[in-house]
Amino acid sequence: MSDLESTQDPRRAYDLDRAHVFHSWSAQAGLDPMVITKAEGPHIWDADGNRLLDFTSQLVYTNLGHQHPRIVAAIQEQAASLCTVAPGYVNGARSEAARLIASHTPGDLDHVFFTNGGADANEHAIRMARLHTGKHKVLSTYRSYHGGTQLAVNVTGDPRRWPSDNGSSGTVHFFGPFLYRSPFHSTTEAQECERALAHLEQVITLEGPGTIAAVVLESIPGTAGIMIPPPGYLTGVRELCDRFGIMLIADEVMSGFGRSGRWFAIEHDGVTPDLLTFAKGVNSGYVPLGGVAISDAIYETFAHRAYPGGLTYSGHPLACAAAVATIRTMEDDAVVENAARLGSDVIGPALRELSEQHDWIGEVRGTGCFWALELVADRDTREPLAPYGGSSPQMAAVLKACREEGLLPFANYNRIHVVPPLNIGDDEAREGIAKLGVALARARAA
Ligand code: PLP
């Protein structure tokens, strides 16, 4: 009997989970997590043998779907030869992963500092920006998520920050553009762009440019709502950062590695940040990996001065082997191009058609395999179907109906995110959206 054979019993796994596993972001009492017994491509199976279409890519990271044979083989091959080696040594998988990442990051972001995930990538990017500039303050947007560790959660702009904000991180929040719920009362994208940039310039001026190390933003905010910035916004932020000597940190943890139909979402505006953070899609999340891609100028700061930071598992060989296989597969199979095509030809049109049939859909927005449905109780007032930071019986009914229809949806407050793997088949994408439509109709009629 293998060491893992006893773990295959779903009932036992569930009972042990409830007895000993402490789940994130949840009250522990009353939790009823789903047991996943098998997964393949865009599908997962629960303990009762039900097959569900995974429209979540888990937490938006299985960009190549589940159990991709090339990634599994790379992990197995690396495990058979060398499971682990500390960050200070050279490892072939790590070197190759860094080369591949640097070959796709924009501009001169050619140096990679590896982390275990997205939050620690943002923490390190901020530390690098602070040491490089000699300044401390960090500006970040409301309606953003940058991770669950202390500084990353302080920088976060959405309600997940509230219980843990210690108010002393040197973070100042500002409004990013969001036309549907415009904080600037704009009526056009161009107006929203102009006003959001004028607002940021004011915040910088009033906070004191000489105190601000970095502006941190998600190139396309993900869990906070997939708000596509108007064309020119990121270019304008870049110009403000240049004018005031501020580092621009692009958080591409969710939007990177093809999710938006480009290797990195910031490319939609043709911008090169000073630091770019990544995780999730870099290796489809098969083994935890994240990192910071660093510009030449910031790299130079640490050429003759030790960088004071590191992580035991930084650039873990198993994770890097998965990254090598993931990125090569993305190149060989034109996965990024496929994500762009899925967005413009399949997912976008199907979701827009859905919005014509369901009056709960207030807005459809997205690009590539990165879409959100903003659900509203009233299209005219745009009253959200669940409050900001909360849930509602209607949203719970939609999610329950999705599961019953065989669809695993990604939901946040009043939104459903459609974020399938980037290599999902056209028919599977349409099938999932049709299931979503049935679920919306059932919840609406209830
Ligand atoms: N940044 C963004 C944009 C994210 O979406 C996330 C996670 O969802 C993070 C950072 C945090 O990444 P991790 O959970 O790997 O620490």
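The legends below describe several views of one predicted model.

Residue numbers start from 1 along each chain, in the order in which its sequence is written. Because the model is predicted, local features need pLDDT of at least 70 and side-chain atom pairs count only at pLDDT 80 or more, while totals for chains, interfaces and linings use all residues.

**View 1. The whole chain.**
The chain contains 13 helices and 16 strands. Helices (H or I, at least four residues) and strands (E, at least two) are DSSP runs, numbered from the N terminus. The C-alpha trace spans about 60 × 60 × 45 Å along its principal axes. A compact globule of 446 residues would have a radius of gyration near 22 Å, and the chain agrees with this because its own value is 22 Å. The radius is taken over C-alpha atoms, and the globule rule is 2.2 Å times the number of residues to the power 0.38. Of the 446 residues in the chain, 48% are buried. A residue is buried if 20 or more other C-beta atoms lie within 10 Å of its own, exposed if 12 or fewer, and partly exposed in between, with C-beta atoms placed from the backbone. Among contacts in the chain with a separation of 6 or more, 73% are between residues 24 or more positions apart. Two residues are in contact if their C-beta atoms, placed from the backbone, lie within 7 Å.

**View 2. The open sheet of seven strands.**
The strand order in this sheet is E4-E10-E9-E8-E7-E5-E6, and the pairing is mixed. The edges are strand E4 (111-115) and strand E6 (171-174), each of which pairs on one side only. From one strand to the next, the twist averages 20°. Two strands pair if DSSP finds at least two bridges between them. Strands of a sheet pair through backbone hydrogen bonds, either parallel or antiparallel. Strand E7 (residues 212-218) and strand E8 (residues 247-251) run parallel and are joined by five bridges. Ala214 has Met247 in E8 as its bridge partner.

**View 3. Helix H5 and the sheet.**
Helix H5 (residues 118-133) lies across E4, strand E5 (137-141), E7, E8, strand E9 (275-278) and strand E10 (290-294). The helix runs at about 30° to E10. Axes are lines fitted to C-alpha atoms, for helices over the stretch in contact, and angles run from 0 to 180 degrees between N-to-C directions.

**View 4. The shell around the ligand.**
Which residues come nearest to the ligand? Of the 16 residues around the ligand, they are Gly117, Gly118, Ala119, Gly147 and Val253. A residue is near a molecule or strand if its C-beta atom, placed from the backbone, lies within 6 Å of it. H5 supplies the largest share of the shell, three residues. The shell divides into six nonpolar, eight polar and two charged residues. Ala, Val, Leu, Ile, Met, Phe, Trp, Tyr, Cys and Pro count as nonpolar, Asp, Glu, Lys and Arg as charged, and the others, Gly among them, as polar.

**View 5. The open sheet of four strands.**
This sheet has the order E1-E2-E3-E14, with mixed pairing. Its edge strands, E1 (36-40) and E14 (407-408), each pair on one side only. E1 and E2 run antiparallel and are joined by four bridges. Ala39 has Ile44 in E2 as its bridge partner. Two residues lie between E1 and E2 in a hairpin, and Gly41 in the turn has a positive phi of about 55°. Strand E2 (residues 43-46) also pairs with strand E3 (residues 51-54), in the antiparallel sense over three bridges. Here His43 stands opposite Leu53 in E3.

**View 6. Asp54 in strand E3.**
Asp54 belongs to strand E3. Asp54 is buried because 26 other C-beta atoms lie within 10 Å. Apart from neighbours within four places in sequence, Asp54 is in contact with Pro42, His43, Ile44 and Leu408. Gly432 is 378 residues away from Asp54 along the chain, with 8.7 Å between their C-alpha atoms.

**View 7. Ala319 in helix H10.**
Ala319 is placed in helix H10 (residues 317-332). Is Ala319 buried or exposed? Ala319 counts as buried because it has 27 C-beta neighbours inside 10 Å. Leaving out neighbours within four places in sequence, its contacts are Asn283, Val287, Pro288 and Leu289. The C-alpha atoms of Ala319 and Leu289 are 5.8 Å apart, across 30 residues of chain.

**View 8. Gly167 in a loop.**
Gly167 is in the loop between helix H6 (150-155) and E6. Gly167 counts as exposed because it has 7 C-beta neighbours inside 10 Å. Arg99 is 68 residues from Gly167 in sequence and 38 Å from Gly167 in space, C-alpha to C-alpha.
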